[in-house]
Amino acid sequence: KGIEIKLGTDIDLNPGWTAGATAPAIVWTPIGRSAIDTSVIIPFKGTFNGQGYTISGIYCSAVRGYTGFIGQLVGGTVNNLQLSNSYFSRGGANVGGLAAHMKGGEVNSVYCDVIVNQTDVNSNNVGGLIGWADGTVSVTNSWFAGTVTSKGRYTGGIVGYVNGTANITDCLVTGQVQGNYNGSETTMYVGGILGGDDKGNW
């Protein structure tokens, strides 16, 4: 909490790699997740300022609990960031290109052109930017241009599921959002912006 991270240049974690299921040399551990013990969650509560730079070549697959660039964003802020040529996949709940779980906080001016893939029919909350938004959150002036493919119940281009109050404004989805659900529940919810919500504004 209180920490600010500022990017000073573009970063390509795996030069020459094309985003997909084949793992590259460097595998990403989500911010807010221990690389030593993946059951340990350390939520990110600070500010991540991309300053308009791009992070690419991220491969994050089958991480326990939360899968995304940030595992859990709690009361923090992410702004002016671009993510591209990256792959996030899990056979469980809460998968997002930017953050798997966002509890409070703000996302502003984030561009995300990544692949988000969820493979478990009995899991929920899959989003191009945010898998699960909880509490009071704000997502503004952001753009998802990648691909979301999900077998779970709630799938959205910006946010998979909102449990609380989400203000989603001036956001754009030009990518593909696809659901293929055959689980035990009777209904699947898929939306270009939002998969499902408790209450929200957009």
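This briefing covers aromatic pairs, strand pairing, a salt bridge and nonpolar cores. The model is predicted. A search of the whole structure finds 7 aromatic pairs. The structure holds 1 salt bridge. The largest nonpolar core has 38 residues, and a second, separate core has 5.

**Aromatic pairs**

- The ring centres of tryptophan 28 and phenylalanine 69 are 5.3 Å apart, and their planes meet at 10°, so this pair is stacked.
- Tryptophan 28 sits in the loop between β2 (11–12) and β3 (47–49), and phenylalanine 69 in the loop between β5 (59–61) and β6 (70–74), so the pair ties together parts 41 residues apart in sequence.
- Tryptophan 28 has a relative accessible area of 22%, so this residue counts as partly exposed.
- Phenylalanine 69 is buried, at a relative accessible area of 1%.
- Tyrosine 59 and tyrosine 87 are also stacked, because their ring centres lie 5.6 Å apart with planes at 15°.
- Tyrosine 59 belongs to strand β5 and tyrosine 87 to strand β7 (residues 77–90), so this pair ties together parts 28 residues apart in sequence.
- Tyrosine 59 and tyrosine 87 are both buried.
- One aromatic cluster is formed by Trp17, Tyr59 and Tyr87.

**Strand pairing**

- An open sheet is built from 4 strands in the order β8-β10-β14-β18, with parallel pairing.
- Its edge strands are β8 (95–96) and β18 (189–191), each of which pairs on one side only.
- Strand β10 (residues 126–127) and strand β14 (residues 154–156) run parallel and are joined by 2 bridges.
- Valine 126 has threonine 155 as its bridge partner in β14.

**Salt bridge**

- Lysine 103 forms a salt bridge with aspartate 134, with the closest N and O atoms 3.4 Å apart.
- The pair links distant parts of the chain. Aspartate 134 is in strand β11 (residues 130–140), and lysine 103 is in strand β9 (residues 99–118), 31 residues apart.
- Aspartate 134 is buried, with a relative accessible area of 13%.
- Lysine 103 is partly exposed, at 40% relative accessibility.

**Asparagine 94**

- Asparagine 94 lies in the loop between β7 and β8.
- Its relative accessibility is 9%, so asparagine 94 counts as buried.
- Beyond its neighbours within four places in sequence, asparagine 94 contacts Gly65, Tyr66, Thr67, Ala100, Asn124, Asn125 and Trp132.

**Nonpolar cores**

- In the largest core, Phe69, Leu81, Leu98 and Leu129 touch the most other members.
- Two or more residues of this core come from each of β6, β7, β9, β11 and β15 (159–169).
- The most is given by β9, with 7 residues.
- Leaving out residues up to four places away in sequence, leucine 81 touches Leu7, Phe48, Gly50, Tyr53, Ile55, Phe69, Leu98, Ser109, Val110 and Tyr111.
- The second, separate core of 5 residues includes Tyr66, Ala100, Tyr154 and Tyr161.

- Phenylalanine 69 stacks with tryptophan 28. Phe69 is also among the residues that touch the most other members of the largest core.
- Tyr66 and Ala100 are in contact with asparagine 94. Tyr66 and Ala100 are also among the members of the second core.

Definitions and conventions. Residues numbered from 1 in each chain as written. Predicted model: local features only at pLDDT ≥ 70, side-chain atom pairs only at ≥ 80, totals over all residues. Heavy atoms only, no water. Phe/Tyr/Trp six-rings, centres within 6.5 Å; stacked < 30°, edge-to-face > 60°. Buried < 20%, exposed > 50% of the residue type's maximum accessible area, 1.4 Å probe, protein only. Pairing = 2+ DSSP bridges. Salt bridge = Lys/Arg side-chain N within 4 Å of Asp/Glu carboxyl O. Contact = heavy atoms within 4.5 Å. Core = buried A, V, L, I, M, F, W, Y, C linked by side-chain atoms within 4.5 Å.
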